Amino acid sequence: MLRLLLATRNAHKTREFAQLLSPEFELQDLIALPHAPVVDEKGSTFVENALLKATAVSRCYSGLVLGDDSGLEVDALDGAPGIRSARYAHENAPDAQNVSKLLTQLRIAKVRPNQRTARFVCEIALARGAAVLGTFRGTVEGMITQAPRGGGGFGYDSVFVPSTHAQTFAELSPAKKNAISHRARAVALLKKALLANL
């Protein structure tokens with residue numbers, strides 16, 4: 001079994017990664033590494049932030065480290081919230097406030113329902129001993145709803161309808177979401193690379 005350390009303290013993200021990784025992998029997060037640094041996400045892109053997390057944490061951990069950065073890009077808002085997705089309303093903003101700000105910005109911009117195109121992006125960086133072993137990108141296209149729908153998921157899941165479905169990510173079962181999500185696509189590429197080198 002291959003052990004991986006996910007450079008996050010976000011329990012939602014860890015749970016989703018664990019569901020996506022097959023039984024060949026044992027996943028831990030930074031709860032198991034309390035002395036790990038808090039990484040300043042100062043990159044200008046998702047992949048830069050993923051690399052910052054993976055390399056910083058891999059300096060104090062001997063095994064394989066995954067750094068992930070993901071978020072929502074809305075075309076009518078010039079790609080916002082983008083890399084600021086988790087803190088769109090303000091630093092440490094809860095999901096509901098970020099979603100509320102997004103819907104408010106779309107209303108202010110008078111974006112029509114058929115122009116609310118968006119995508120979720122996930123970038124994963126793999127590192128060991130501060131050396132980058134690879135990066136893996138997954139995206140899923142969709143539309144932003146006019147109001148939140150569904151009680152599942154987290155982040156912007158309640159307002160994002162993937163192009164292949166009529167339900168939001170928050171209305172889909174975890175299994176259905178995990179079959180098509182941006183994170184699922186990035187993890188699939190990661191798994192392929194890891195298993196090829198076992």
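A pocket is an open set of points on a 1 Å grid over the protein atoms alone, where a 1.4 Å probe fits and protein lies on both sides within 12 Å along at least five of seven lines; lining residues have an atom within 4 Å of a point. Grid points are joined across faces, edges and corners, and a volume is the space filled by probe spheres set on the points.

This is a predicted model: local features need pLDDT of at least 70, side-chain atom pairs count only at pLDDT 80 or more, and totals for chains, interfaces and linings use all residues. Residues are numbered from 1 along each chain as its sequence is written, and side-chain values use heavy atoms, with hydrogens and water left out.

The largest pocket has a volume of about 970 Å³. Its lining has 36 residues; Thr8, Asn10, Lys13, Glu41 and Ala86 are the closest to its centre. Helices (H or I, at least four residues) and strands (E, at least two) are DSSP runs, numbered from the N terminus. H1 (11-20), H2 (46-58), E3, H3 (95-108) and H5 each supply at least two lining residues. E3 gives the most, with 5 residues.

**Sheet**

Two strands pair if DSSP finds at least two bridges between them. The open sheet has 6 strands in the order E2-E1-E3-E4-E5-E6, with mixed pairing. E2 (25-29) and E6 (160-162) stand at the edges; each has a single partner strand, so one side of each is left without a neighbour in the sheet. The twist averages 35° from one strand to the next. Here axes are lines fitted to C-alpha atoms, for helices over the stretch in contact, and angles run from 0 to 180 degrees between N-to-C directions.

| Strand pair | Sense | Bridges |
|---|---|---|
| E1 and E3 | parallel | 3 bridges |
| E3 and E4 | antiparallel | 10 bridges |
| E4 and E5 | antiparallel | 12 bridges |

Leucine 4 stands opposite leucine 64 in E3. Aspartate 69 has glutamate 123 in E4 as its bridge partner. Helix H5 (182-196) lies across E1, E2, E3, E4 and E5, at about 155° to E5. Contact means heavy atoms within 4.5 Å.

**Burial and cysteines**

Buried means under 20% relative accessible area, exposed over 50%, partly exposed in between (1.4 Å probe, protein chains only). In E3, 10 of the 11 residues are buried, so E3 is largely enclosed by the rest of the structure. Cysteine 122 is buried at 0%, and its bridge partner in E5 is glycine 138. Cysteine 60 is partly exposed at 27%. A disulfide is a pair of cysteine sulfur atoms within 2.5 Å. The count is 0 disulfides.
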